[in-house]
Amino acid sequence: MTTVAERPVVKTKAPKDPHDSFSVARSPVYLACAVIAVIWVIPALGLMISSFRTPSDIRGSGWWTVFGSLFDAGSWTLENYATVLDQGFSNSFANSLAVTIPAVVIPITVAAFAAYAFAWMDFPGRTVLFAVVVGLMVVPLQMTLIPILRIYTDLGITGTFPGVWLAHTGFGLPLAVYLLRNYMGSLPSSLIESAEIDGADHFKIFTRLIIPLSMPVLAAFATLQFLWVWNDYLVALVFLGVANPDSTVLTVDLAALKGRGEGALSLMPAGAMVSMILPLVVFFALQKFFVRGLTAGSVKG
Amino acid sequence: MTTPPVLRDDEVEVSHPHGQPGSHDNSPQVWLLRILSALVVPAVLGLFFFTFGFLQDPDTNKIVQIVVAIIVGVGGVWLLFWAMDRLVSLLPERAGAGVRPFVFAGPALILLGFYLVYPTIDTIITSLRDRSGETFVGLDNYVLIFTQGPYLEALRNSFVWAVIVPVACVVLGLAVATLADLLPRKTESTFKSLIFLPMAVSFVGASVVFTFIYNFRPEGFGAQIGLLNAIVSAFGGSPVDWLRMPVWNNLFLMVILIWTQTGFAMVILSSAIKGVPDDLLEAARIDGANEWQVFRRITVPTIASTIVVVWTTILITTWKVYDIVAVMTGGRDGTSVVAERMVTEFFTFENDGVGAALAVVLLVLVTPILVINIRRFREQEATR
């Protein structure tokens with residue numbers, strides 16, 4: 001099951017799952033899984049634990065030493081969080097939101113209208129134009145940075161949110177148009193015909209019928225785009241820059257913190273946690289869409 | 001109800017009841033209207049965004065800025081499309097039917113032209129010019145890339161990344177998916193969530209995470225707070241500066257990418273494994289195959305196409321990796337890669353020609369793989 005945003009996972013297992021009973025014969029499997037899980041979790045766990053330790057503890061000893069004094073209240077603190085939020089992370093959290101939400105919604109809107117036209121409207125050049133859109137999925141982001149930065153500089157709009165929104169819109173569009181068009185095109189044409197007989201025009205059919213029916217693929221793309229934009233470093237660095245500390249996003253601030261080296265060591269874990277909290281919430285709350293979105297994203301350059 | 005994913009010319013009349021008369025009216029006036037209507041949404045968006053100085057003014061209250069930004073960015077776009085649609089309905093019916101598709105599809109096409117088509121062409125031209133873009137130098141920049149030390153280093157490293165990371169992710173992902181399939185349901189989903197979780201973390205965040213793994217302090221400069229060096233010290237070894245260790249430091253950087261991408265491989269491969277028909281597996285077992293043979297001869301061949309998709313997807317991610325190298329080492333100590341070197345050329349050395357040539361190399365590397373992926377995607381949709 002690759003890349004299909006709307007298809008439910010096929011379950012071929014019998015209703016009564018033989019795996020649900022514990023068996024000694026499988027204990028090597030449990031052991032192997034436990035070892036892998038521990039290895040995978042340790043880096044993140046270390047970061048989380050570190051973020052709640054006192055600055056001098058973070059600098060002075062490894063995070064694993066806390067297991068000696070787990071219940072010693074004096075070794076836990078929210079001080080790092082207070083410090084990073086105070087040093088601009090609360091501001092950059094807001095900036096990340098301000099960059100991400102429109103940069104998710106604008107491409108979805110623009111792509112949905114385009115996808116509808118490609119799927120259900122007839123116009124000259126439709127086939128060629130759609131092929132061009134699909135072909136643009138191969139263009140790596142890096143190809144576009146310098147020309148756009150030049151134009152932005154000429155227009156004096158580097159370092160502005162709208163510039164970043166539109167850049168992310170441009171980069172996200174090919175995949176969005178492609179996914180949405182394929183989904184909308186697979187909706188039964190009888191639906192659209194009967195709506196038309198009832199006197200609905202294209203705009204009404206699109207907003208009342210197609211959009212509600214396309215929610216699964218819209219949600220999948222939205223989670224994917226959210227993750228890209230929120231976690232993006234390069235676009236934010238180039239178009240928002242570090243010059244104006246008031247407009248930096250979390251990834252840029254975090255990278256700057258990392259760049260300060262040992263001196264900022266005690267702030268890095270809390271800073272990283274602040275930058276991760278929202279994607280993690282999305283991850284746990286929308287895991288289904290998240291997986292669908294990621295699978296769908298496999299055709300994006 | 002399946003529509004072939006790629007439009008064919010002969011399909012137009014059949015599946016599109018909306019082919020009203022007029023939609024193929026190709027008179028110059030209609031084309032002018034089409035182009036104008038396509039331009040309006042992006043133009044108004046642009047004007048609206050950039051004339052509102054307070055959206056960028058640091059003195060404005062942040063919350064107000066964000067709320068306005070979201071209202072404009074979200075509601076404004078819908079409103080624009082709606083207004084354009086209303087405007088078009090004022091046209092005579094024939095002309096309206098010809099113009100309306102461009103109201104819908106036009107803004108996307110204009111934005112794509114501006115943000116992807118034009119920059120790609122411009123970058124290719126820039127790659128044939130000198131560092132400041134003034135003189136045409138032919139293929140000199142490419143010759144430089146393929147002969148000079150620092151660029152060869154970046155190319156070599158990128159290729160090593162491209163060989164190791166996708167394979168490691170696929171092998172690990174496959175192993176984890178197979179093991180997880182043997183666990184009780186609830187344990188399985190918890191286990192898989194744990195492995196998948198790093199996928200939600202940004203590369204910058206992952207780099208900070210691994211700072212506390214790779215941290216190095218020379219002997220006598222305090223306790224080791226990096227996990228690896230603590231382990232080395234515990235066994236009586238001397239601490240190692242992992243990220244400055246020639247050649248091997250590349251591998252330590254790759255581990256960060258593998259940590260984030262294995263979960264992706266695992267999730268996709270896991271659902272493929274679950275799709276392998278049970279009777280096929282049972283038949284093999286009855287024929288006396290052991291579990292390894294079943295895995296090797298039945299499971300892996302059955303999910304081969306999924307393995308290829310996962311591999312190619314991670315391969316593309318790997319070639320474009322920038323953040324991890326930039327944040328962890330800045331490309332120093334022999335760790336530079338193409339995507340990172342490119343940004344350095346652009347912004348540090350201000351050598352646009354070479355930077356653009358590196359970007360073109362990236363495009364050339366990525367394109368064939370994406371063509372394969374897109375083709376496969378279409379085949380799958382067609383057989384759905």
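Mentor: Helices (H or I, at least four residues) and strands (E, at least two) are DSSP runs, numbered from the N terminus. This is a predicted model, in which local features need pLDDT of at least 70 and side-chain atom pairs count only at pLDDT 80 or more, while totals for chains, interfaces and linings use all residues. Residues are numbered from 1 along each chain as its sequence is written, and chains are lettered from A and ligands numbered from 1 in the order in which they are written.

Trainee: How many helices and strands are there in chain A?

Mentor: Read along the sequence, the pattern of chain A is α-α-α-α-α-α-α-α-α-α-α-α-α. The count for chain A is therefore 13 helices and zero strands.

Trainee: How many helices and strands does chain B have?

Mentor: Chain B consists of 384 residues. Its count is 16 helices and zero strands.

Trainee: What percentage of the residues of chain A count as buried?

Mentor: A residue is buried if 20 or more other C-beta atoms, placed from the backbone, lie within 10 Å of its own, exposed if 12 or fewer, and partly exposed in between. Chain A has 301 residues, and the buried part of them is 54%.

Trainee: What percentage of the residues in chain B do buried residues make up?

Mentor: The total for chain B is 384 residues. Of these, the buried ones make up 43%.

Trainee: How many residues of chain A are in contact with chain B?

Mentor: Two residues are in contact if their C-beta atoms, placed from the backbone, lie within 7 Å. On the side of chain B, 118 residues take part. On the side of chain A, the number is 110.

Trainee: Which helix gives the most to the side of chain A that touches chain B?

Mentor: Ala, Val, Leu, Ile, Met, Phe, Trp, Tyr, Cys and Pro count as nonpolar, Asp, Glu, Lys and Arg as charged, and the others, Gly among them, as polar. By these classes, the side of chain A that touches chain B has 73 nonpolar, 28 polar and nine charged residues. The helix that gives the most to this side, with 17 residues, spans residues 79-120 of chain A and is H3.

Trainee: Which residues have the most contacts inside the largest nonpolar core?

Mentor: A nonpolar core is a set of buried Ala, Val, Leu, Ile, Met, Phe, Trp, Tyr and Cys residues joined through C-beta atoms within 7 Å. The largest one has 195 residues, and H3(A) supplies its largest share, 20 residues. The residues with the most contacts inside this core are A:Ala111, A:Ala114 and A:Tyr116.

Trainee: Which residues is A:Tyr116 in contact with, leaving aside its neighbours within four places in sequence?

Mentor: A:Tyr116 is one of the residues with the most contacts inside the largest core. Its partners beyond those neighbours are A:Met184, A:Phe206, A:Ile210 and B:Phe104.

Trainee: Is H11(A) roughly parallel or antiparallel to H12(A)?

Mentor: Axes are lines fitted to C-alpha atoms, for helices over the stretch in contact, and angles run from 0 to 180 degrees between N-to-C directions. The axes of H11 (residues 250-259) and H12 (residues 268-285) of chain A come within 10 Å and cross at roughly 165°. Angles under 35 degrees count as roughly parallel, over 145 as roughly antiparallel, 65 to 115 as roughly perpendicular and the rest as oblique. The crossing angle therefore makes the two helices roughly antiparallel.

Trainee: Is B:Val74 buried, exposed or partly exposed?

Mentor: B:Val74 lies in helix H3 (residues 62-89) of chain B, and touches A:Pro102 and A:Val105, not counting residues up to four places away in sequence. Because 17 other C-beta atoms lie within 10 Å, B:Val74 is partly exposed.
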